[in-house]
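Q: Hi! Could you walk me through this structure while I have it open?
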Amino acid sequence: MGCGTSVATETQRKIVEPDDTAKTPCPALTMKAAVLIQRWYRRYMARLEMRRRYTWNIFQSIEYAGEQDQLQLSSFFSFMLDNFTQLNENGPDLISQLLDPVVDPWLGRETGYNLIPVPESYSGPRLSFPLSVSDTNSLLGAFKEQQTLHARYVLQLLYETKKLLKQMPNITHLSTSYTNEITICGDLHGRLDDLLLIFYKNGLPSAETPYVFNGDFVDRGKKSVEVVILLLAYLLLYPDYMHLNRGNHEDHIMNLRYGFTREVMQKYKTHGREILQLFQDVFSLLPVATVIDGKILIVHGGISDQTDLDFLSSIERHKVKSALRFPRRSLEKLDIDQSQRQMKRGRSTASSRPSSSCSHSKNQRTPNQRKRRCGQHRQDSTVSTSSSSSSSSSSLCSPRTPSALSPRPCSSSPSMSCNVNVLQVPFLDSLSSVAPPLPLQHDLEWKQIVDILWSDPKTQEGCSPNIFRGGGCYFGPDVTQRLLTRHGLQLLIRSHECKQEGYELCHGGKVITIFSASNYYEEGSNRGAYIKVGRELVPRFYQYQVSHTTRKLTLTQRVRVAEGSALKALKEKLFSHRSELLSGLQQYDHKNTGYVSVSDWAQVFESVLRLDLPWRTLRPHLARLAPDGSVEYKSCFEDMESGIPLPQVTPNMAETLFRYRTDIEIIFNIIDKDHSGLISIEEFRHTWHLFSAHLGVDIDDRAIDDLARSIDFNKDGSIDFTEFLEAFRVVHKLENKDQQLNEKMDGDKYS
């Protein structure tokens, strides 16, 4: 049979030989086919790159919007300090302890940790001080095995770190003459795997391998406690070779929102508060900058046109416990001009709005606040003195919170006095014109640190408020060059921003962003990186990605996964602003048809959400088109619904609760002092009254009481916080349908 087949093949080959010669492809046709394939591939890659870029824009826009919300929440905490009536007589609440801490006698006892017994059953590492290499090795091994360090050793480690940091300057100066290379790492955000991979690839901290970690060690990730403990342990072991800069997340108010506070309280239920307060002290004592060989400046965020390294090196950094709280200024310090009280409100309001500060809602007013700390008891004449910075170099205020004191724009330079000659101050039922005080030293220090921790570079010249984050500034290449020239520097290394490749160069290579947390937004979303600098001061970049799953995915699959996660987060954002979006869209839908033009649809979405996204490009993922090309705008919301339907809750209130769901979660965790997961209806009602009053949310008392009763599912007078959160989350209906459809198709495929 084999021979027969062979003969038949030979015969066939002889027959077709003349035809093969005739059908030889023409070189021109071959080239044309290659060009067509290349053109198709380029279009395919361009579409993939477009999807990758708008996915990245969605992630970053939502992240920065969350940071603006954090500023709103920090303002609310200050409001609560002045208005919160203690419902339980168990001492000061955690808000007061964290945001306006008083001197705690327990923290003054250096041997306080010795009072905490370590049981024999504890199998984790047992540290001895001063630390040795075996101690840090045992910490590494324990954290790899998912073990938790005992609270006694955590407190002792923090005490020792605090004593060390008190002796350190604001700006650390390093030299490469004592070592071959210095490794610089960016944000870690609680990613223990990234830190361990860096140590594996580059070596453990030592005299031969010195490190600079440039802030944001905690928050977002699930292993923030382990990450910061390891870094502090190596700082104690090698204080000359391990260097830590402060980031904007080394801030107890940021920690309330982004997870570090919750993580500490969950892992250390008994001594969590003492640990948090010590972390607060340690974070405030961290140096704010590092300089290598007098040529490379390393700061977490960036700089501004007012940044002065000489002034920065002289401030008392520990006084700025949180960069999110503007220093309070009492009205008693202002010399009120009694003769100008009759100034008309309209004229005063028009002249008092700062031109460079964050924009505020005009129809919202902050209620009168009781000055507990200042000892003011004049309830009729005393008002809130919460201030917002209006300098060109620092913008740290909530876009929804009105400012009680609104000065005209002035310079925040440490060497210049404020040029404002009029300051409008609320007094009784009118505004009075007063002579503004000169900037206090603490105010100037605060602004310098805010700019260092929160600023971002931009391609345009100049310096402007960072409106997307709500804090710090955007600084251009001219600002960078001036600072480098003034201080004899040649390079600025900063972190603070996630980059897809783990690093990015801008301002003609004079500014480098380094980010060390891989897979920050989603699996496969970005690489991590670190920098090594030798005596020649030429930075070399090392990239990595911690994910076994990601390595198995193709580029298309990675983009698809990240895109799906970003669109899901964006749709949740739409749900939380549904009423505002519908109201805006209906203004263009005069005949109530349910359809508007694409341009009107995009304009409303941009004006309401303020996310700076390519809405026309995203439209196919968010809404359907009618045959005439108009947008069926209600289709944007048909994919989402609340977790548990509550008939007593109106749609507007449901959206409000979902929008501030994270903030309410933080507040409830603070109120739940015994960590039972339950809060009383009275506590819920009182807190929500304060929250709605501060935000200017118009919800009457009956609606709040109806809501409290509706989420008291077992009618025991307490609210189960887990069930409350379940009621106010978004369910993606179409996603569930797609999942069921895919499961059905897989079942049919293999049946």
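A: Happy to. Ser224, Val225, Glu226 and Val228 of helix 8 touch Phe260, Glu263, Val264 and Lys267 of helix 10, where contact means heavy atoms within 4.5 Å. This is a predicted model, with local features needing pLDDT of at least 70, side-chain atom pairs pLDDT 80 or more, and totals for chains, interfaces and linings using all residues. Residues are numbered from 1 along each chain as its sequence is written, and side-chain values use heavy atoms, without hydrogens and water.

Q: Switching topic: how many aromatic pairs does the structure hold?
A: It holds 20 aromatic pairs, meaning Phe, Tyr or Trp (six-membered) rings with centres within 6.5 Å. Tryptophan 40 and tyrosine 44 form a stacked one, 5.6 Å centre to centre with 10 degrees between the planes; stacked means planes under 30 degrees apart.

Q: How far apart are tryptophan 40 and tyrosine 44 in helix 2?
A: They are 4 residues apart, so about one helical turn separates them.

Q: Nice. Which element gives the most to the lining of the second largest pocket?
A: Helix 2, with 8 residues. The lining has 28 residues, and Gln60, Tyr64, Pro457, Glu497 and Lys499 lie nearest the centre of the pocket. Lining residues have an atom within 4 Å of a point of the pocket, an open set on a 1 Å grid with protein on both sides within 12 Å along at least five of seven lines.

Methods. 1 Å grid on protein atoms, 1.4 Å probe; cavity = no way out; pocket = protein on both sides within 12 Å on 5 of 7 lines; lining within 4 Å. Helix = DSSP H or I, 4+ residues; strand = E, 2+ residues; numbered from the N terminus. Phe/Tyr/Trp six-rings, centres within 6.5 Å; stacked < 30°, edge-to-face > 60°.
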